[in-house]
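Try each task before reading its solution.

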Amino acid sequence: MPLVSMRQLLDEAAKGQYGVGAFNVNDMEQIQAIMMAARQTNSPVIVQASRGARAFAEDLYLFKLIQAAAELNPDIPIAMHQDHGNSFDTCKSAIALGYTSVMMDGSLKEDGKTPSTFEENVDVTRRVVDYAHERGVTVEGEIGVLGGVEDGHGAGGSGLEHITDPDQAVEFAERTGVDALAIAIGTSHGAYKFNKKPDGSVLKMDVLIAIHKRLPHTHLVMHGSSSVPKELQDIVNEYGGKLKPTWGVPIEEIQLGIRNGVRKVNVDTDNRLAMTGAIRKVLWTQPEKFDPRDYMKPAREAMAKVVAERMTEFGQAGHAGDYKPIPISEMAKGYANGSLDPRPSLAAR
Ligand code: 13P
């Protein structure tokens, strides 16, 4: 199956009232782990690469691996997404490679660290939307600023500093025409999100619900959605790791989000923890081992287990065969004739 537009994948998720995990990749084993889980649970998938991942793996290696995944798994719809594009040029280069979706994170300036103004965000996101939609490619924007840093991208801080203002979210969706909207509700990238199980004072589900009420047809995106399970932390620490106690986003809060318009759920850290725990275990308990396959195979299996769990918890499991992919060229026509125009004022059509 050719790569699928993320817009189609999220439209289908909205119809079925489920969420779709967007899992970050840097290498072959992570891509294989996601595909193992997708096959096992019969799930459509979003695979995403940050700028750091594209630099680490070299663009062409990573993209050819995704193409291999699509060829080897003809029954699984796969959207390939640029995570946290920092500029028009980053998004343009992803589209040139063949990515079917890009995130223009205009909530930060091009340095990927400094919060931008609302007008700067609207301007760069709108330009990416025009360019991408002409080519049938999906665009995710971000309003409000997430906490933490991932692969060098992020404003840092706790995630509570720039919570999304629902009025701004509505204006942003209308003026940019993004297909999906990432909002800041107190989550942050990385393992250290919360120092206790998060309650309403730190995880602003009420803000998410307010935004969904105002934008009922906009696909919302939750970044920083790893749950950082204690079991995964414990494996890392049992075999020589030094993780400090930490809490992630409880699955039940993500499921509450999915009932309120969240269609894309970003998960990276949980998979990193699962792989690292499995690798540490082999190297710690069998120090004589030196063949990378001896630890990469269990690492891949550990990640596939986490991904399959998330696919089931988010509700995408069982939905791979629900629809046929619309070619990207057809998506471009739909944007051009207005039938796919995602602006909220047109959504009631
Ligand atoms: P986590 O660090 O919580 O996995 O978040 C990943 C993410 O949001 C990628 O954009």
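The exercises below concern a helix pair and a strand in this predicted model.

**Exercise 1.** Work out how helix 7 and helix 8 are oriented to each other, and which residues make the contact.

*Solution.* Start with the axes: those of helix 7 (residues 166-176) and helix 8 (residues 205-214) come within 9 Å and cross at roughly 40°. Angles under 35 degrees would count as roughly parallel, and 65 to 115 as roughly perpendicular. Helix 7 and helix 8 are therefore oblique to each other. Next, look at the handedness: helix 7 and helix 8 make a right-handed crossing. Now find the residues that touch. Helix 7 brings Pro166, Asp167, Ala169 and Val170 to the contact, while helix 8 brings Ala210, Ile211 and Arg214.

**Exercise 2.** Decide whether strand 1 is enclosed or open, and find the strands with which strand 1 pairs.

*Solution.* Begin with the two faces. In a regular strand, side chains alternate between the two faces of the sheet. On one side of strand 1 you will find Val20, Ala22 and Asn24, on the other Gly21 and Phe23, and all are buried. Since 5 of the 5 residues of strand 1 (residues 20-24) are buried, the strand is largely enclosed by the rest of the structure.

Then turn to the neighbours. Strand 8 (residues 262-267) pairs with strand 1 in the parallel sense over 4 bridges, and Val20 stands opposite Lys264 there. Strand 2 (residues 45-49) also pairs with strand 1 in the parallel sense, over 3 bridges, with Ala22 opposite Ile46.

Technical notes: Residues numbered from 1 in each chain as written. Predicted model: local features only at pLDDT ≥ 70, side-chain atom pairs only at ≥ 80, totals over all residues. Heavy atoms only, no water. Axes fitted to C-alpha atoms, helices over the stretch in contact; angles between N-to-C directions. Helix = DSSP H or I, 4+ residues; strand = E, 2+ residues; numbered from the N terminus. Parallel < 35°, antiparallel > 145°, perpendicular 65-115°, else oblique. Left-handed = near helix turned anticlockwise from the far one by under 90°. Contact = heavy atoms within 4.5 Å. Buried < 20%, exposed > 50% of the residue type's maximum accessible area, 1.4 Å probe, protein only. Pairing = 2+ DSSP bridges.
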